[in-house]
Amino acid sequence: MDENKENKSQAIIEVIDFGPLKITGNFLLKDLQRDKEDSPGEVRLCRCGKSGNKPYCDESHKK
Amino acid sequence: MERNESQYSGGRRYKNNDITVYWKPSACIHASYCYRELLEVFDPSRRPWVDMNGSTTDKIIEVVNLCPTEALAWKWNDEEKNNSVGNDQLNHIKFRRPELMNSDDPDSKEQPVSVKIMADGPIVLKGNFTLSYNGTKKEIHDSMISICRCGVSDHMPFCDGQHRKAGFIG
């Protein structure tokens, strides 16, 4: 009866070893640095600090 | 409205004539709202890092209310005033504990996960999501975590606040 109270996972957040943060599912991306908002469905975010296209991963971590 | 008393224990206290600010380091996820808004009061590179003479009481309340976790909280020094719930305190609770405000909202369980890229700071994730790292999977319910974006955290994949010392820009 109270199944409504069950909170369903809305997105998968995957920390890729030595790589980016991959997010898939129902999420709202708010970039406070660049004042942008988007719901892309899937995104790969830089975790190494070296991307030339922040906040996204541009594979710079491999260099 | 019930106050959560655990917010006021187990940490440090900073006082001015009107209010006391409570700081609980273990609850901080380094979302960095406090020092970005009011460095005069909240300066992580200073000891003590909170200077209650750095701004007005109103401004300090406003910024403490921005804290997305229970790391920062405040109370009037005059206990009488704490008993009468004003708008400022309602906002405080609304922001920190949205579940107390919209508990009968049928759509709340389908809310998209909030992914915030903090200016020169971490990725702050909030909501219901599945987190996978180091070969493990965790279900996160109505909660908040922050992921390092600068690459220098000692607590990977989580933010430990070192981006500031490292001078991370992005």
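1. Asn134(B) is exposed, with 8 other C-beta atoms within 10 Å. By the cut-offs used here, a residue is buried if 20 or more other C-beta atoms, placed from the backbone, lie within 10 Å of its own, exposed if 12 or fewer, and partly exposed in between. Asn134(B) is not a glycine, yet its phi is positive, about 50°. Its place is the loop between β5 and β6 of chain B.

2. Some notes on the basis of these points. The model is predicted, so local features need pLDDT of at least 70 and side-chain atom pairs count only at pLDDT 80 or more, while totals for chains, interfaces and linings use all residues. Residues are numbered from 1 along each chain as its sequence is written, and chains are lettered from A and ligands numbered from 1 in the order in which they are written.

3. His30(B) also has a positive phi without being glycine, near 60°. His30(B) is buried, with 23 other C-beta atoms within 10 Å. This residue lies in the loop between β2 and α1 (33-37) of chain B.

4. Chain B contains 6 helices and 6 strands; helices (H or I, at least four residues) and strands (E, at least two) are DSSP runs, numbered from the N terminus. Of its 170 residues, 29% count as buried.

5. Chain B is divided into domain 1 (5-101) and domain 2 (108-166), with bounds from an automatic or database domain assignment. Their contact takes 9 residues from domain 1 of chain B and 13 residues from domain 2 of chain B; two residues are in contact if their C-beta atoms, placed from the backbone, lie within 7 Å.

6. In chain B, an open sheet of 3 strands has the order β1-β2-β3, with antiparallel pairing; strands pair if DSSP finds at least two bridges between them. β1 (12-15) and β3 (72-76) of chain B are the edge strands, each with a single partner, so one side of each has no neighbour in the sheet. The twist averages 25° from one strand to the next. Axes are lines fitted to C-alpha atoms, for helices over the stretch in contact, and angles run from 0 to 180 degrees between N-to-C directions.

7. Strand β2 (residues 19-23) of chain B pairs with β3(B) over 5 bridges. Thr20(B) has Lys75(B) in β3(B) as its bridge partner. Helix α2 (residues 57-66) of chain B packs on the sheet and touches β2 and β3 of chain B, its direction making about 30° with that of β2(B).

8. The largest nonpolar core has 42 residues, of which Val21(B), Val64(B), Leu72(B), Ile123(B) and Leu125(B) touch the most other members. Such a core is a set of buried Ala, Val, Leu, Ile, Met, Phe, Trp, Tyr and Cys residues joined through C-beta atoms within 7 Å. β5(B) gives the largest share of this core, 5 residues.

9. 28 residues of chain A are in contact with 32 residues of chain B. On the chain A side, the elements giving two or more residues are β1 (11-15), β2 (21-25) and β3 (27-31) of chain A. β1(A) runs parallel to strand β5 (residues 123-133) of chain B, joined by 4 bridges. Ala11(A) stands opposite Phe129(B) in β5(B).

10. Two cis peptide bonds deserve a check. Lys54(A) to Pro55(A) is cis, with omega near 10°. Met156(B) to Pro157(B) is cis, with omega near 5°.
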